[in-house]
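Here is a two-chain model to read alongside its sequence. The questions below take up a few of its elements in turn.

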Amino acid sequence: MVARMGQWTVFTILIALLPLAAMAAPRCVEDDVGREVCLEHPAQRIVGLSPGAVELLFSAGAGEQVVGAVGFSDEPPAARKVPRVGSYKRLDLEAILALKPDLVIAWRSGNPAGQTEQLERLGLTVYYSEPVRFEMIGTTLERFARLAGTEQLGKPVAEQFRAGIDALRQRHGDAKPITVFYQVWEEPLMTVNDRHLISEAIRLCGGVNVFGELPALTPRIGREAVLGADPEVIIAGGMGEDNPAWLDPWREFGSLTAVRRDNLFFVPPSTLQRPTPRMLEGTRRLCKHLEQARARR
Amino acid sequence: MPGVDAPARAYPWTALWVLALAGGLAMALAVAVGSVPLGAADLWAVFTGGGNELQRDLIWSLRAPRALAAFATGGLLALAGALMQVLLRNPLADPYVLGLSGGAAVGALGAMLLGAGAMLVSGSAFAGALLSTLLVFGLARGSGSWTPTRLLLTGVVVAAGWGAVITFLLTMSPTERLPGMLYWLMGDLAHARHPGWAWLVLVIAVAAMLPMGRSLNVLARGPLQAAALGVAVRPLETSVYVLASLVTAVAVTTAGSVGFVGLIVPHLLRLVLGNDQRLILPASALAGGTLLTLADTLARILLAPQQLPVGVITALLGVPVFLFLLYRSR
């Protein structure tokens, strides 16, 4: 009995010490350029260098630790109150240093490489983020939560996102293929190719991106090419979250199948064009529209 | 300048007919080719009122309006360039040298930054162009007298000021708005849908300038000579400035600041045809229109379905031709 008590005591002490051990051991994750990023303690002062990274940090439960953000970091609303550190194209290095961050989330393809390298030389811990696939959104949420010590908040969000995407994949996995043109921008007319996350969302819903094969990630195309490709569905973003005006110019082209069947749909751009958990909402809406379009065949 | 009048009398109509023919061919090419291939039979069917809906959309809604807009814009720019070169007696002058395109760009980019639609962007581009024109003219006049040098210097400095504002606007803009802004700055005809105004202004401007051709020839030799020969220099210069500015403003409003056409086309024609403004002005309108129509057609088809901004092509076409002619002319 005494021995048993002793065992229990040791066990209890060990359990009680576990968080300490976890704190003492470095928290290491791999970033999106394949480097290992390690922190001695959970990050307390994080600076996000892209609007997407800031939104992901808040989703991962680390919103309270975000002490600096670049301009246009407007989601969630709380992110608007975070002090600014320049724009993602031109970082204010002094402002970043003055915040004494213990973690900087950089945007590999968006931030100037010279400036982020300088941040590293100045001794800051830099994590390069570039979520370009659905699964990377979930992984990024988990990694951010791990670095910030907010696993309890971040993990469920990541799992919920994965479950949502999986459900969509199962539901639309064997839907009949339907050709889709996605319009990112109006002047110049821009779309995405198959390497883009938006195209992955289209595929997931059983759609086929008519410009998927083009070499550029966001090609500038002409209206004539869209008329030639004759997609069954046209999906457009817009300027602002509630402005489907870009769909109107298409209506004058009666030769388009999408116009004849009234398959012109608007999806709020921030729910599809930013690699954040809100893509689940945008992808759901996209799938619903493609279902509607199939019913009109 | 030897033989200002004599050779022009000998062949102006031939030269103009050749240029008009070239322009017609460029227009035909612009309508015939695109990222969707159409055969000769299809084209004939569409032109005789037949063809299917897709073919009619391609020709009448997309290619023809765009080709017409390209021709008018190119014509306006080359005409304005020829006028500016005479007015400022400076071979480096082009329609934008006095800061007009900068003013238009600030108007257009500002509207884009605020998320305005196409109509408002065009409107504020036009307003910006006019504002810049008035600003430069008012400042250059100062307390009364203005000379081409003073006008040029004022214009160049105002243009530099606009340049700084443009850079500021580009820096402040969210990423997704940037491509549209850069395309506007390089010139893009993809959204020039209503070429009617540009054509109207082009025809009126050429018609208005032709009677002034002889006076402009004299002015090109210098204001003192012109005054000695009985030309009212100041009113002539003022009307040339106002007309060139209006013409450029319409061009910029139609297609953004397409570069190069206004600088190179008049020079090119002077190398070939001599420096008689009665011939150079209408010839510039025709050749500028032809060059821009060809360039825009190439911009549409070179990487089709991807699109290039037309300004890239005008320079790629124009630079070697110009350098070749300049080299040979020694």
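Q: Which residue stands opposite V180(A) in β8(A)?
A: This is a predicted model, in which local features need pLDDT of at least 70 and side-chain atom pairs count only at pLDDT 80 or more, while totals for chains, interfaces and linings use all residues. Residues are numbered from 1 along each chain as its sequence is written, and chains are lettered from A and ligands numbered from 1 in the order in which they are written. Strand β7 (residues 178–183) of chain A pairs with β8(A) in the parallel sense over three bridges, where strands are DSSP runs (E, at least two residues) and helices likewise (H or I, at least four), numbered from the N terminus, and pairing requires at least two DSSP bridges. The residue in β8(A) that stands opposite V180(A) is N209(A).

Q: What is the order of the strands in the open sheet of chain A?
A: Strands of a sheet pair through backbone hydrogen bonds, either parallel or antiparallel. In this open sheet of four strands the pairing is parallel, and the edge strands, each pairing on one side only, are β8 (207–209) and β10 (264–266) of chain A. The order is β8-β7-β9-β10.

Q: What angle does the direction of helix α10 of chain A make with that of β9(A)?
A: Helix α10 (residues 279–295) of chain A packs on the sheet and touches β7, β8, β9 (233–236) and β10 of chain A, contact meaning that C-beta atoms, placed from the backbone, lie within 7 Å. Axes are lines fitted to C-alpha atoms, for helices over the stretch in contact, and angles run from 0 to 180 degrees between N-to-C directions. The angle with β9(A) is about 155°.

Q: How far apart are the end C-alpha atoms of helix α13 of chain B?
A: The helix has 13 residues (261–273), and at 1.5 Å a residue it should span 18 Å, the expected span being 1.5 Å times one less than the number of residues. The expectation agrees with the model, in which the end C-alpha atoms are apart by 17 Å.

Q: Why is α13(B) largely enclosed by the rest of the structure?
A: A residue is buried if 20 or more other C-beta atoms lie within 10 Å of its own, exposed if 12 or fewer, and partly exposed in between, with C-beta atoms placed from the backbone. The cover over the buried residues of α13(B) includes α2 (12–32), α4 (53–88), α14 (277–301) and α15 (310–328) of chain B. The helix is largely enclosed because the number of its 13 residues that are buried is 11.

Key: Contact = placed C-beta atoms within 7 Å.
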